[in-house]
Amino acid sequence: MHARRIGEVLVEAGYLDATQVQTVLEKQQDSSRSFGQIAGEMFDVPASVVAECVAVRVREDAKHVNLAHEAFEQDALATLAPSTAWDHLVLPIRFDGGELVCATTKACIRDAVETLQTATATPFRIVVADARPLEEFIAEAYGFEGIELADAASAA
């Protein structure tokens, strides 16, 4: 089974038709912008709809990772402000094939997608991690001190 592309999800949701998807794909070849950004610009697809469709796709396809086995890159961490990473439970891990690989929890996928769409122009891929280790790795990676993880988990 292949991962559905964002265009397929937008067609299924009734926001684009196949011709519009092809038009966006053609424009995307000459651009560094994401499919969703171009679809929004060309066909008035709201960013919130794009985020939800990306979240649907991510939920279907996201790989679950153990953060203890990941190699973190400082350049990746620098793509998000520490407060943004903490507030939205999204942790940039590394760059892979031109994509920024970021971890979040299953429950926070949509928020992570919206955050990344706003915070970076870099194409991204989301992987899923357990909440407690994710909070601990965000706190460690960004040097937060004195954070009560139990309080943060109840706020998320």
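Modeller: Contact here means heavy atoms within 4.5 Å. The model is predicted.

Colleague: Leaving aside neighbours within four places in sequence, which residues is Phe35 in contact with?

Modeller: Apply the 4.5 Å cut-off to heavy atoms. Then set aside the neighbours of Phe35 within four places in sequence. What remains is Ile6, Gly7, Leu10, Leu16, Val21, Val24, Leu25 and Gln28.

Colleague: Within what arc do the buried residues of α8 fall?

Modeller: Helix α8 covers residues 131–141. Its buried residues are Leu134, Glu135, Ile138 and Ala139. They line one face of the helix, because seen down the axis of α8 they fall within an arc of 130 degrees.

Colleague: Why do residues three or four places apart point the same way in an α-helix?

Modeller: Count the residues in each turn. Residues three or four places apart point the same way because an α-helix has 3.6 residues a turn.

Colleague: How far apart along helix α8 are Glu136 and Arg132, in helical turns?

Modeller: The side chains of Glu136 and Arg132 meet in a salt bridge, at 3.5 Å from N to O. Glu136 is partly exposed at 36% relative accessible area, and Arg132 is partly exposed at 44%. The two are four residues apart in α8, so their separation is about one helical turn.

Colleague: What phi does Gly143 take?

Modeller: Look just after α8, where Gly143 sits. Its phi is positive, at about 70 degrees.

Colleague: Which residues are linked with Glu52 in a network of salt bridges?

Modeller: By the rule used here, the count of salt bridges is seven. One of them joins the side chains of Glu52 and Arg59, at 3.6 Å from N to O. Glu52 is partly exposed at 27% relative accessibility, and Arg59 is partly exposed at 33%. The network links Glu52 with Arg59, Arg110 and Glu114.

Colleague: How many residues apart are Asp96 and Arg125?

Modeller: Asp96 forms a salt bridge with Arg125, with their closest N and O atoms 2.8 Å apart. The pair links distant parts of the chain: Asp96 is in strand β1 (residues 91–96) and Arg125 is in strand β3 (residues 124–128).

Colleague: Are Asp96 and Arg125 buried, exposed or partly exposed?

Modeller: Buried needs under 20% relative accessible area, and exposed needs over 50%. Asp96 has 35%. Arg125 has 30%. Both values lie between the cut-offs, so Asp96 and Arg125 are partly exposed.

Colleague: Which strands stand at the edges of the open sheet?

Modeller: The open sheet has three strands in the order β1-β2-β3, with mixed pairing. An edge strand here has a single partner strand, so one side of it is left without a neighbour in the sheet. The edge strands are β1 and β3.

Colleague: Which residue in β2 does Pro92 stand opposite?

Modeller: Five bridges join β1 to strand β2 (residues 99–104). These two strands run antiparallel. In β2, the residue opposite Pro92 is Cys102.

Colleague: At what angle to β3 does helix α7 run?

Modeller: Helix α7 covers residues 109–119. It lies across β2 and β3. Its angle to β3 is about 155 degrees.

Methods
Residues are numbered from 1 along each chain as its sequence is written. This is a predicted model: local features need pLDDT of at least 70, side-chain atom pairs count only at pLDDT 80 or more; totals for chains, interfaces and linings use all residues. Side-chain values use heavy atoms; hydrogens and water are left out. Buried means under 20% relative accessible area, exposed over 50%, partly exposed in between (1.4 Å probe, protein chains only). The arc is that of the directions from the helix axis to the C-beta atoms. A salt bridge is a side-chain nitrogen of Lys or Arg within 4 Å of a carboxyl oxygen of Asp or Glu. Two strands pair if DSSP finds at least two bridges between them. Axes are lines fitted to C-alpha atoms, for helices over the stretch in contact, and angles run from 0 to 180 degrees between N-to-C directions.
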